[in-house]
Amino acid sequence: MPGSSSLDPLSFSPLDPRGPYGESVRVRVLVQGIVQGVGFRPFVYGLANRLALGGFVRNDPGGVTIEVEGAPPAIDAFLRDLVEAAPPLARIERVSSEFATPLGEKAFSIVASEGSGTGWLALVSPDVATCGDCLAEIRDPAARRYGYPFTNCTNCGPRFTITTDIPYDRPNTTMAGFPMCEACRAEYRDPGDRRFHAQPIACPACGPAVALAGTGPGEALGACADLLRSGSIVALKGLGGYHLVCDARNEKAVGELRARKVREDKPFALMASDVGVVQQICEVSDHEAALLSGYRRPVVLLRRRAGAEGAVAASVAPGNRFLGFMLPYTPLHHLLLDAFDASGPAGGVLVMTSGNRSDEPIAYVDDDARQRLDPIADVFVTHNRPIHIRCDDSVTRSFRGEEYLMRRSRGYAPEPLLVTEAFGSPVLATGAELKHTFCLGSGTRAFLSHHIGDLENWETMRSFIEGVAHFCNVFQIRPRVIAHDLHPDYLATKWALDQAAGDAAPPAGVELEGCEPIGVQHHHAHIAACLADNQVAGPVIGLALDGTGWGTDGTIWGGEVLVADLAGFRRAGHLRRVALPGGAAAIREPWRTGATYLREAFGTEAADLSLPFVRDHAGRWGPVLEMAAKGINAPLTSSAGRLFDAAAAVAGLRGRVNYEGQAAIELEQVADPDEPSAYPCPVEDRDGVLVIDGVGLIRALVEDLVSGAPLPSAAARFHNGLASALVETCGRVRAATGLGEVALSGGTFQNLLLLERVMYGLESAGFGVYRHRRVPANDGGISLGQAVVAGAVLRLA
Ligand SMILES: [Zn+2]
Ligand SMILES: [Zn+2]
């Protein structure tokens, strides 16, 4: 009977070089993870041939199965390199091996898969940016794919956005309608070719083509570049949807795009041909350069270079010290930038913003795009490869030399996140409302969806439901549990409860009736998401700071200190509650919250303060303060987002916002990072709950401003004061509980000045600190938190 061994993918005990079978041994290996559609079989084929091993490799429902036969030292080398030299896009989760009976096989081959359809648990890869080899081909006049916008290979190209079904084979992608030509078929069948079994393989003879009305074959991108040079706004079909594109240095074009898109201040993303161009406009660290040019190709938020303020039109990102840049991620984008640079001065920069109007989801179906984007775009540049799943660009930034994601979508989704404890039953977590994502949990994997958008209209709701159906199908998951937010008015909460009760039509092909609903408090979900992101289980002290979330006491939470593990939490502290006059109106008009805080801090003397904010608003704040005093349409909130709004408002930065979090972002940006002092922010114990006095913080801010403090110093002292109050609170919770680790989550922690100050304070006080890395701190990470909480609750049941 052969022996058996289970190999850890990163370190394994080598086989005994003498081997139980003398000269030759045979080993059967199963590799799990993202190992299909990423060039894994040709890699194994090459490795086995190099080591003169016999046997075979094939794709199986559970991953890739390999049998290798040969001298024990060569088998050792094979098992080591299988992991260490794996193709760049492979994500190996697990390698297991056992001895098999030697067959005397000398040759190695790639063999066909056994069976298909049901039971396939192969993982769909995210879309991958054009590789260096393909980029060289499209720029090589002698290559047959010269200038071809849909060039790809097993190391790059579309995956998630074109996959319609499993297994991942060409008929189950949106390339099904493009029969391969003979030349492509030969490459597809050749194990030595970079395009061996590259499902989206294509060339000018057989693949999709770009179209622009009035131009001939191969002329569309050149004509598009000329139109952009002359100031046109182009609706461009890309990988995961349509972009609206214009020349980023043309103020008239960018301003016109803003007006037509009905988007007042929110920054536009930019695309440049390479890191060198970006470096002329922004500060780019080595880590940021790596993020920009990596195969995921997110939008990277970068600080503008001093003196380069005029490098792009002012209306690209009004009043913002940062710009969001990405590099081309498909041949189409590379070729467009090449043509754009050829049509005018080199180093061109294009605005590349989501193809939508205002808050709608990004357009990706041609007819719908024609209709919705017609009032915005001067011209449409499309192509005939359908997009199956809409997928927005991801947004990220660098923090302390590591990635800190803001939006996890194209290039990242649907790559699973491994969790520390397996889900007992498959879980569907339905997320929150803004920046919505959903999450499926099964086994040790959490499949966090692409960015869906703000679940405030039917279009986004439909995108969510279709996404659930698609994920359940391609990952073969039948949820038995539905996790949801506690907010009764969130569309995702209502939908989850209706599904569980069988009161609404289920997503296509998915049965959700009878699923066990599990409600998860919003800020508990944030902390759980941070724990899952760091692959730990707690218990920890959780600081969850954000705009708003439904509390367990009927008030709106958002500045929370929790003692939490995955299964539960206790509210150990929170920001002092204030009224939110007008509810949602207060979120759009921070001056309302500013007025409430001023009244709390100074009483009726607030109206006498010598402050521009008072001059501008005291005349109209009477009714607002009356609402707050009487509690009419003025819910109480401990929200950190609203505290920042109030600070920005009273500092005179902004009385109204045009997008969520704008006031807080501007307060962060104006703050002097070198300012050391901090405003006092008392922390009081009220019946065992610590209350952090944000009102005291606002009082100190206002007194400082009235006595003439410069705004950058005052804004920094505000940040520093809040940070030290949070650190002090954690210290008091540690004294009471013995917990020495803190998890930081919630959208307010996208404020990197606050994040840095809080982390520095906690680390100086000897705390271990967890912060987000792979999953956003904002509500885009909530569904992951819901899923792991539901998993933990079920384990206790
Ligand atoms: Zn390639
Ligand atoms: Zn072809």
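What percentage of the 797 residues in the protein do buried residues make up? In this predicted model, buried residues account for 60% of the 797 residues. The protein contains 23 helices and 29 strands, and its radius of gyration is 28 Å, close to the 28 Å that the globule rule gives for 797 residues, so the protein is as compact as a globular protein of that length. Taken along the principal axes, the box filled by the C-alpha atoms is roughly 90 × 65 × 55 Å. Where contacts link residues at least 6 apart in sequence, 73% of them join residues at least 24 apart. The accessible surface amounts to about 28800 Å², and carbon and sulfur atoms contribute 51% of that surface. With regard to charge, the protein carries 73 positive and 91 negative charges, whose mean positions lie 1 Å apart.

Val-57 takes part in both pairings, standing opposite Ile-66 in S4 and opposite Ile-110 in S6.

A further sheet is open and is formed by 10 strands in the order S7-S14-S8-S9-S13-S10-S12-S11-S15-S16, with mixed pairing. Its edges are strand S7 (210–211) and strand S16 (402–407), each of which pairs on one side only. Within this order, strand S11 (residues 299–303) and strand S15 (residues 395–399) are paired in the parallel sense over 2 bridges, and Val-299 has Val-395 in S15 as its bridge partner.

Helix H19 (residues 662–670) has 8 of its 9 residues buried, so the helix is largely enclosed by the rest of the structure. The buried positions in H19 are Gln-662, Ala-663, Ala-664, Glu-666, Leu-667, Glu-668, Gln-669 and Val-670. The packing partners of these buried residues comprise one strand, S12 (322–326), together with the helices H15 (590–602), H18 (640–650), H21 (711–737) and H22 (752–764). S12 is also a member of the open sheet, where it stands between S10 and S11 in the strand order.

Helix H21, which is among the elements that pack against H19, contains Thr-729. Thr-729 has a relative accessible area of 0% and is therefore buried, given that the term applies to values under 20%. When residues up to four places away in sequence are not counted, Thr-729 touches Val-561, Val-683, Leu-690 and Ile-692. By contrast, Thr-729 and Ala-259 are separated by 470 residues in sequence and, from C-alpha to C-alpha, by 46 Å in space.

Gln-535 is partly exposed, its relative accessible area being 39%. Val-262, likewise not a glycine, has a positive phi of about 55°, and this residue lies in the loop between helix H6 (251–261) and strand S10 (269–272). The relative accessible area of Val-262 is 44%, which places the residue in the partly exposed class. S10, the strand at one end of this loop, is itself part of the open sheet, listed between S13 and S12.

Definitions and conventions:
Residues are numbered from 1 along each chain as its sequence is written. Chains are lettered from A and ligands numbered from 1 in the order in which they are written. This is a predicted model: local features need pLDDT of at least 70, side-chain atom pairs count only at pLDDT 80 or more; totals for chains, interfaces and linings use all residues. Side-chain values use heavy atoms; hydrogens and water are left out. Helices (H or I, at least four residues) and strands (E, at least two) are DSSP runs, numbered from the N terminus. The radius of gyration is taken over C-alpha atoms; the globule rule is 2.2 Å times the number of residues to the power 0.38. Buried means under 20% relative accessible area, exposed over 50%, partly exposed in between (1.4 Å probe, protein chains only). Contact means heavy atoms within 4.5 Å. Accessible areas come from the Shrake-Rupley method with a 1.4 Å probe; for residues, only the protein chains shown count as cover. Lys and Arg count as positive and Asp and Glu as negative; His and the chain ends are not counted. The place of a charge is taken as NZ of Lys, CZ of Arg, CG of Asp or CD of Glu. Two strands pair if DSSP finds at least two bridges between them.
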